[in-house]
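Subject: Structure for you to look at

Hi,

Here is the structure I promised to send over. Have a look at it first, and then read on for what turned up.

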Amino acid sequence: MDTLIPLAPNGIFLTIQGEGEVAGSPSVFIRLTGCPVNCIECDTDYTYKEKLTIKRIVDEVLELTKNNGIRLVTITGGEPLSGVERGKQVFALAEALCSAGLNNIIIETALVTNDLYMFYS
C-alpha cells in the first residue's frame with residue numbers, strides 16, 4: 001500500500017459531483033496530473049510533481065471525510081488510466097479507499113489507452 005502514484009495528485013478536495021447518476025452529491029475529488037492527450041483547454045498545467053504514497057492519499061481523504069458522512073470519492077485527472085502501470089496503481093488506490101470504508105468510488109476516464117484489458121492480467 002505504499003507504492004507511489006506515477007504522477008502526483010494536483011488536488012485532494014471536497015466538492016459537489018457534477019456529472020452522472022450521482023450529480024449533486026458531495027464527493028472527495030482526487031485529481032491526478034498527467035494525460036497523453038494534451039487538450040488545449042486542459043486545466044492541469046499548474047500541477048506540481050510531488051509524488052504521494054497511496055497511504056498518504058487515503059489518510060488525506062479520511063481527514064476530509066471524518067465527521068461529515070461523505071463516502072463518495074472521485075478519482076479524476078488528467079487521465080487516471082493512461083498506461084498499464086498507472087492504471088494498476090489507480091485500482092490499488094481504489095481498493096485501499098474501499099478497505100478504509102470509502103466504498104463508493106468513481107474513476108473518471110476518457111479511456112485514451114488501448115491497454116485496459118492488461119489491468120486485469
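Of the 121 residues in the protein, 38% are buried, where buried means under 20% relative accessible area, exposed over 50%, and partly exposed in between (1.4 Å probe, protein chains only). Before you go further, note that this is a predicted model, in which local features need pLDDT of at least 70, side-chain atom pairs count only at pLDDT 80 or more, and totals for chains, interfaces and linings use all residues. Residues are numbered from 1 along each chain as its sequence is written, and side-chain values use heavy atoms, with hydrogens and water left out.

The overall layout

You'll find two helices and four strands, in the order β-β-α-β-α-β along the sequence. Helices (H or I, at least four residues) and strands (E, at least two) are DSSP runs, numbered from the N terminus. The accessible surface is about 6,700 Å², and carbon and sulfur atoms hold 53% of that (Shrake-Rupley method, 1.4 Å probe; for residues, only the protein chains shown count as cover). As for contacts (heavy atoms within 4.5 Å), take those with a separation of 6 or more: 75% of them join residues 24 or more positions apart.

The core

The largest nonpolar core has 19 residues, and Ile30, Val61, Ile75, Leu93 and Leu97 have the most contacts inside it. By nonpolar core I mean a set of buried Ala, Val, Leu, Ile, Met, Phe, Trp, Tyr and Cys residues joined through side-chain atoms within 4.5 Å. Two or more residues come from each of strand 2 (26-32), helix 1 (54-65), strand 3 (72-76) and helix 2 (84-99). Helix 2 gives the most, with five residues.

Helix 2

Buried residues here include Val84, Val90, Leu93 and Leu97. The buried residues of helix 2 pack against strand 2, helix 1, strand 3 and strand 4 (104-107). Just after helix 2, Gly101 has a positive phi of about 95 degrees.

Thr74

Is Thr74 buried or exposed? Thr74 counts as buried because its relative accessibility is 0%. Thr74 sits in strand 3 and, leaving out residues up to four places away in sequence, touches Gln17, Ser27, Val28, Phe29, Ile30, Ile106 and Glu108. Thr74 and Ser27 are 47 residues apart in sequence, yet 6.6 Å apart in space, C-alpha to C-alpha.

Cheers
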